[in-house]
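Me: I want to check the labels used for helix packing and pockets here. Show me the model, and I will ask what stands behind each one.

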Amino acid sequence: MKITRVTTTSLRYRREKPMADALNFIPERQSLLVHVDTDEGIAGVGEAACFGGPIDSTRTVIESELAPLVIGEEATAIERIWSKMFHRSMQHGRRGVLLAAMSGIDIALWDIKGKALHVPIYEVLGTYQTCLPAYASGGFYMDGQSPEALADEAQSYVESGFQGVKIKVGRNPSVPLNPLKVIGDGFCFHTFNQDMDRVRSVRDRIGSGVQLMVDANSGWNVGTALRALRILSELDVTWLEEPLFPEDVTGSARLVSSGLVPIAGYETVQSRFGFADLVKAGAVDIVQPDVTWSGGITECRRIAALASCHNLACAPHSFGSAIALAANAHLLASLPNGLILEVDQTPNALRDDLLEQPIRPNPDGTVTVPSGPGLGVRLNEDTIARYRVPAT
């Protein structure tokens with residue numbers, strides 16, 4: 001079964017109200033779907049992360065650089081194809097856009113393999129669990145949103161069944177070295193103390209029986225993060241995510257050694273080599289690769305195995321379309337050290353309307369992994385037509 005074609009679909013959903021995390025202003029959501037066709041008529045779909053830059057950059061790498069490398073290859077020879085893409089691009093990029101582009105193709109190949117074998121991807125990988133614990137990911141900065149309104153948002157997730165909630169912190173240009181001094185536009189700037197009030201408000205509202213995760217999206221330095229950890233420890237925060245720049249491995253290790261709150265991350269680190277640096281330095285308690293960003297299902301399995309050698313849990317990052325959610329769910333379902341699934345709750349039609357049968361949390365807040373062949377999902381063509389962005 002040979003690969004005959006690799007194409008992409010760019011999608012964009014414009015939000016009614018913009019939002020932000022610590023460093024990024026988010027007025028819209030975009031997704032880049034990757035389609036791989038074969039000579040036996042079996043086709044696969046994946047998603048390539050396109051955070052932080054033009055979607056056309058990732059699309060061009062896929063269609064102009066990687067597609068010629070994989071066309072003609074045996075579609076089920078996934079390890080061979082991954083290695084070919086990685087090594088042939090060595091002088092062009094080992095991380096960044098290149099790894100994200102590879103990720104989309106890799107996911108599509110796993111979709112093909114599952115369909116060829118008539119089983120879901122998690123079964124091909126080796127099933128560990130099919131009903132996943134999950135948490136609601138939200139709590140972004142919104143213009144005019146008070147701590148009480150943020151608490152209302154978090155409470156709505158608990159009322160829908162989730163037993164865990166994640167909110168954002170770190171949009172603090174007054175913190176030393178915070179990049180918002182250069183890249184910020186004044187949207188929803190907060191002080192450190194205001195951020196801590198946000199966390200307190202949510203904890204008071206949801207109570208002590210619900211997990212509370214806090215994500216700083218690399219907005220702090222070591223001193224600020226240590227100050228936060230002392231407060232977050234008193235608030236029984238489950239983890240602090242991405243407190244520092246991902247390159248500050250030594251600093252993150254200092255936070256872990258404090259023992260105050262587990263440190264999770266770093267989604268912006270890519271490949272097993274990047275995560276090896278974190279793990280060997282003792283810089284994380286929980287690893288968070290993303291199959292659309294870190295090298296696909298193939299590489300994220302290696303990252304999870306690396307973590308397991310150090311008795312660390314894996315909680316995949318997932319903040320894309322419904323394809324990203326499905327692919328990360330299949331990965332997590334195969335991991336003995338898998339912890340919990342991130343389920344983005346911010347308004348996004350590319351998540352809620354992209355599939356003929358959307359992936360919805362169960363009443364108890366868990367998520368059942370799609371059990372059909374491959375990813376186990378079918379795209380809603382009406383949604384694709386509505387949100388498709390013409391290639392430039």
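Me: Why are α7 and α8 called roughly parallel?

Reply: This is a predicted model, with local features needing pLDDT of at least 70 and side-chain atom pairs pLDDT 80 or more, while totals for chains, interfaces and linings use all residues. Residues are numbered from 1 along each chain as its sequence is written, and side-chain values use heavy atoms, without hydrogens or water. Helix α7 (residues 192-206) and helix α8 (residues 222-234) pack at about 30°, with their axes 11 Å apart. Angles under 35 degrees count as roughly parallel, over 145 as roughly antiparallel, 65 to 115 as roughly perpendicular and the rest as oblique. α7 and α8 are therefore roughly parallel. Their crossing is right-handed (the near helix is turned clockwise from the far one by less than a right angle).

Me: Which residues make the contact of α7 and α8?

Reply: α7 brings Phe192, Asn193, Met196, Val199 and Arg200. α8 answers with Thr224, Arg227, Ala228, Ile231 and Leu232. Contact means heavy atoms within 4.5 Å.

Me: How do these contact residues of α7 and α8 divide by class?

Reply: Six are nonpolar, two polar and two charged. Ala, Val, Leu, Ile, Met, Phe, Trp, Tyr, Cys and Pro count as nonpolar, Asp, Glu, Lys and Arg as charged, and the others, Gly among them, as polar. Asn193 and Thr224 are therefore polar, and Arg200 and Arg227 charged.

Me: What makes α1 oblique to α2?

Reply: Helix α1 (residues 55-70) packs on helix α2 (residues 78-88) at about 135°, with the axes 10 Å apart. That angle makes α1 oblique to α2. α1 passes α2 in a right-handed crossing. On the α1 side, Leu66, Leu69 and Val70 meet Ile81, Lys84, Met85 and Arg88 of α2. Five of the contact residues are nonpolar, none polar and two charged.

Me: How do you know that α1 is roughly perpendicular to α3?

Reply: Their axes come within 9 Å and cross at roughly 70°. That makes α1 roughly perpendicular to α3. Here, too, the crossing of α1 past α3 is right-handed. α1 supplies Ser57, Thr58, Val61, Ile62, Glu65 and Leu66, while α3 supplies Val97, Leu98, Ala101, Met102 and Ile105. The contact divides into eight nonpolar, two polar and one charged.

Me: What makes a space a pocket, and how much space lies in the largest one?

Reply: On a 1 Å grid over the protein atoms alone, a pocket is an open set of points with protein on both sides within 12 Å along at least five of seven lines, and its lining residues have an atom within 4 Å of a point. The largest pocket holds about 910 Å³. Its lining has 37 residues, and the closest to the centre are Asn24, Phe51, Gly52, Thr268 and Trp293. β2 (25-38), β6 (164-168) and α10 (271-280) each give two or more residues to that lining. β2 gives the most, with six. By class, the lining has 13 nonpolar, 11 polar and 13 charged residues.

Me: What lines the second largest pocket?

Reply: There are 22 lining residues, with Leu355, Gly376, Val377, Arg378 and Leu379 nearest the centre. The space in this pocket is about 490 Å³. β2, β3 (44-48) and α3 (97-117) each supply at least two lining residues. Nine of the lining residues are nonpolar, six polar and seven charged.

Note on methods: Axes fitted to C-alpha atoms, helices over the stretch in contact; angles between N-to-C directions. Helix = DSSP H or I, 4+ residues; strand = E, 2+ residues; numbered from the N terminus. 1 Å grid on protein atoms, 1.4 Å probe; cavity = no way out; pocket = protein on both sides within 12 Å on 5 of 7 lines; lining within 4 Å. Points joined across faces, edges and corners; volume = space filled by probe spheres on them.
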